Every structure is written in C-alpha cells, then in structure tokens.
Amino acid sequence: MVSLNPVQILRMGAEEEKSETARMSSFVGAIAIGDLVKSTLGPKGMDKILQTSSTNETIQVTNDGATILKSIGVDNPAAKVLVDISKVQDDEVGDGTTSVVVLACELLKEAENLVAQKIHPQTVIAGWRKAVDAARQALTDAARDNGKDPVKFREDLMNIARTTLSSKILTQHKDLFSKLAVDSVLRLKGSGNLDAIQLIKKLGGNLSDSYLDEGFLLDKKVGVNQPKRVENAKILIANTPMDTDKIKVFGSRVRVDAISKVAQLELAEKEKMKSKVERILKHGCNVFINRQLIYNYPEQLFSDAGVMAIEHADFEGVERLALVTGGEIVSTFDCPEKVKLGTCDLIEEVMIGEDKLLKFSGVALGEACTIVLRGATQQILDEAERSLHDALCVLSQTVKETRTVYGGGCSEMLMADAVSKLAAKTPGKESVAMEAFAKSLRQLPTIIADNGGYDSADLIAQMRAAHTNGKHAIGLDMERGRIADMAELGITESYQVKRQVLMSGAEAAEMIMRVDNIIRAAPRARAPDHRHH
C-alpha cells in the first residue's frame, strides 16, 4: 500500500522556497536594497547616519553606497549579491557604487513586471544580453580620448574629479580638492600606485585648510634627547621587539637564592639589549624606525649614538615608509651588507594644528606625497577621506584607460536610446525585455532629478527628445534644474566607471533573475553544555 505521508528529503529545520515564491523573495530583497541607497544618488543626494550598537558607539555620516551597504547586515541572498557588486565596484574603479546597485534594482523591478506577463526569465535574459552589447557599443562610440594631449587630458581629469566630488561632502570645495587629487595622481607618472599618496586626517580648521604636501608625513614623535632634524638620512626600517627579551613561557618562574642574583639577571638582559643596539648601529644608519615599541634603555643608547629613533610606526606606516624611501623592513641584524637602507634628503618636525609630525622630504620615490585633511569633526574628516579616496581611484583608473564620457545622466540616456532603437528592429518577446532595459537605464537620470527636487518627468522627456534628435551631449544641469550641454559645463566621467556600472549591474540582475529555488541549510544543532559551573 502507498503511504500518503509527505516525503522528507531535506534535513529537519532546512527550508526551501520554490519557483515564484523564490523569485519574489529575491526581487523583494534586491529592490529593498536599491530603494535604501537610491536617495543618495547624484549631486543633490542625501546622506545616511550609520550607528553601531557596540559599547564604544560610533557614528558614520555618509552617502557612499559601498560604505552604507557594507555596514548593514542583510539576510536576503539576493540583497547580499547587490552588496557584493557594490563592493567589487568600489575595489575595481572606486566610484559608481550606488549607480550599479540602483541599475540592478531597476532591472529587477522591470523583470518583475515581465515575469507577471508570463514572459520566461530566459527570454528576458536573452533580450538583456543583446541590450548590454548595444549599450556598451554606444558608450564606446561616444567616448572621447585626449590621452595624447597633456593639456586637454589634465582638463579632463579636473572635470572628472569635480564630477566625482560633486556628489560628496566636498562639493563646496570641489575646485580645491579636484586640484589636490589631480596633482597627486599626475605625480604618480602613470604607475597608478595609490600607496604613494598618503591621506592624513587632523581635527581642527575647516575643509578648505586642507593641502598637498610633497614628501611623506609620519604621525609619530622622536625619542627623548635625540636629533629633531636629520639631513641625508639613512633609514633602517625594522619590525623587532626592543624590550628586554623576557622569558616568555606561560607560568614560568625564576627562583633565586639572593637579591644580588636578580641584579645579575637584569644586567644580563641589559647586555643583551646593548649588543642588539650595537648590531643595529653597525648598519651605518642615522635614523631607526621600528614598528614595535622602543623601551627606555635602548632609546637612551640610540640618543648617545646620535641616532633618531622612532617607535611604534604602525604596520601601514612602516610598509609605506619602505615603499617611499626605497628601504627594506628587517627583523634580524646579523648581515648589515645585505640590508637595503632607505634614504631621504631631510627629516624634520612640522606642526599641523596642535600636533607635531615628522616630514620626510626628498624621498627616493619622487612621486610620494601626502594630502593633509582638516575638518571640524571626526565624521566630516572620515567622509572627506572616503570621498577623496573615490576621486583618487577614479583618476588613477582614467590615467590607465584615458577615454572619457559625459556625465549628468547623458551616457545613460545615450545607451537607452541605442537599446530602444535595437528593440524597435527586433521581432519577438526579446524586444519587450530590451525596452525594459532601456527604461531601467532612463531611471538613473530620473532618480538624480528626483533627488534634487526637480520635475523628473519633464526633464527626462526633454532629454529623450534631444537624444533621439542626435544631440548626444545633452544631460541634466543640477545647479539650475534644466537640461544643458555637458561639454560646455565640463561634466565628465570616466569611461571605465560607466562601463563597469553597466556590466556589473546587468550581470547581477541576470544572476538573480535565473533563481528559481532557494534552499536554506538547517541551523547547526547546539551541543548541550555539560561543564560544571
């Protein structure tokens, strides 16, 4: 006889969502994430406050999509995909983190309607793929390349920096910070190594007091009675313990039968430290920088030898110092001839606000520089650092891939126009998916206009008409709330950023669209605690 009881295939506690339920769950999660960050899009976007619930409560005020999504815990698998693409966008090109999430979200909103019309997800995906190819081709054809002309290319970089910073906290001082960012990136001479650019945040003053300092700044102090200024410095960079090498066996004890033996132990430790300092001095260095602490006795020995000793230069500081001075980080000191010392022309103390820092001038890596950020509160400084870092990433990418496109929603309308023309020529249901793709692209300038409080329906209709008539440089002028020529306003964006937004957004939406089953593993059973309390 056949049993009518349901067959349990998955382990107890595991869950499964099938077909429409799974797809709806994915759509709802992804759309919620898109709606969360879309109000931060564009020059008139709003900020979010991120508050931690730990004991040392911290507050972040930001409109950076990657930072917002990284800080929120999401449980929905489709939402996690969008969080991941914003992180990849941030790592890859530095900007467009909000745009990529909003594009994927808008595509999924359209997909929801298409699936409701009984169009198969694979048909939608096939249409989207053709649309992506058409959009990418239109973007590539519209891109301009001034990489061969240094004057025009610098102007392009300035425009890209202004456009990137116009949607950040630095928008009030975008000319100053655009110049700082472009000057520092051009110093890299095309290497794109952003480690050579250091950002130092110092409370006090306001954002307009920020400046670019050639050379390298280290936020540390010199030891007691040591030279405060060293010319033609030979720098030994180390990561070694400079305390007395105590017996570090847990629970060990040293028994002595007289107090004099304790004195002998201390003397032996001192001698050991003295020989270590002598081995360091044999390298012929006049500056010793250690990642770890330098205790009183070795500090005194360095003072007697006239060597500047700097302790507790954190790991990032030591790594960057080794890069810019051309030295190596060493831990043992037995072979002085094999150690490469760092060099610089001058080390001196400088004052920034009320703090003393060490300035390394004339370093081996000539492109090294430091941007000093000033601001009234820690939150402003943190957000300024994130904004400037985004601009530096975009500029370094543009130096490698010199093509540029127009911003202000112009590129999105251009791509949407190309996709719409292709959809008009395509027979079958794929054309419906292509038209939906074009509509999603038009949503980006629509949201930018909405965030500024303008009449988006009117502005987008005007833009669409202009692009259909072949005026492919028309975009949104967010200062005056009208459409304008982006070439005249100088609103320029990196081709690499726009291309990455298009590709990543479409790929993420396609991936979520393919889902027809969500299986959640059973939670791990907790073993009972049999310990006696």
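Just after helix α9, Gly306 adopts a positive phi of about 70°, where helices (H or I, at least four residues) and strands (E, at least two) are DSSP runs numbered from the N terminus. The structure is a predicted model, in which local features need pLDDT of at least 70 and side-chain atom pairs count only at pLDDT 80 or more, while totals for chains, interfaces and linings use all residues. Residues are numbered from 1 along each chain as its sequence is written, and side-chain values use heavy atoms, with hydrogens and water left out.

Helix α9 itself spans residues 296-304, and Pro298, Glu299, Leu301, Phe302 and Ser303 in it are buried, that is, under 20% relative accessible area, with exposed meaning over 50% and partly exposed in between (1.4 Å probe, protein chains only). The cover over these buried residues of α9 includes α8 (259-281), β9 (287-290) and β10 (308-310).

Elsewhere, three strands form an open sheet in the order β4-β15-β18, with antiparallel pairing; two strands pair if DSSP finds at least two bridges between them. Its edge strands, each pairing on one side only, are β4 (144-145) and β18 (492-494). Helix α6 (residues 150-165) packs on this sheet and touches β4, β15 and β18, its direction making about 90° with that of β18; contact means heavy atoms within 4.5 Å, and the axes are lines fitted to C-alpha atoms, for helices over the stretch in contact, with angles running from 0 to 180 degrees between N-to-C directions. Strand β15 (residues 403-406) pairs with β18 over three bridges, Tyr406 having Thr492 as its bridge partner in β18, and β4 pairs with β15 over two bridges, with Thr404 in β15 as the bridge partner of Arg144.

Leaving aside neighbours within four places in sequence, Met513 is in contact with residues including Arg23, Phe27, Ala111 and Trp128.
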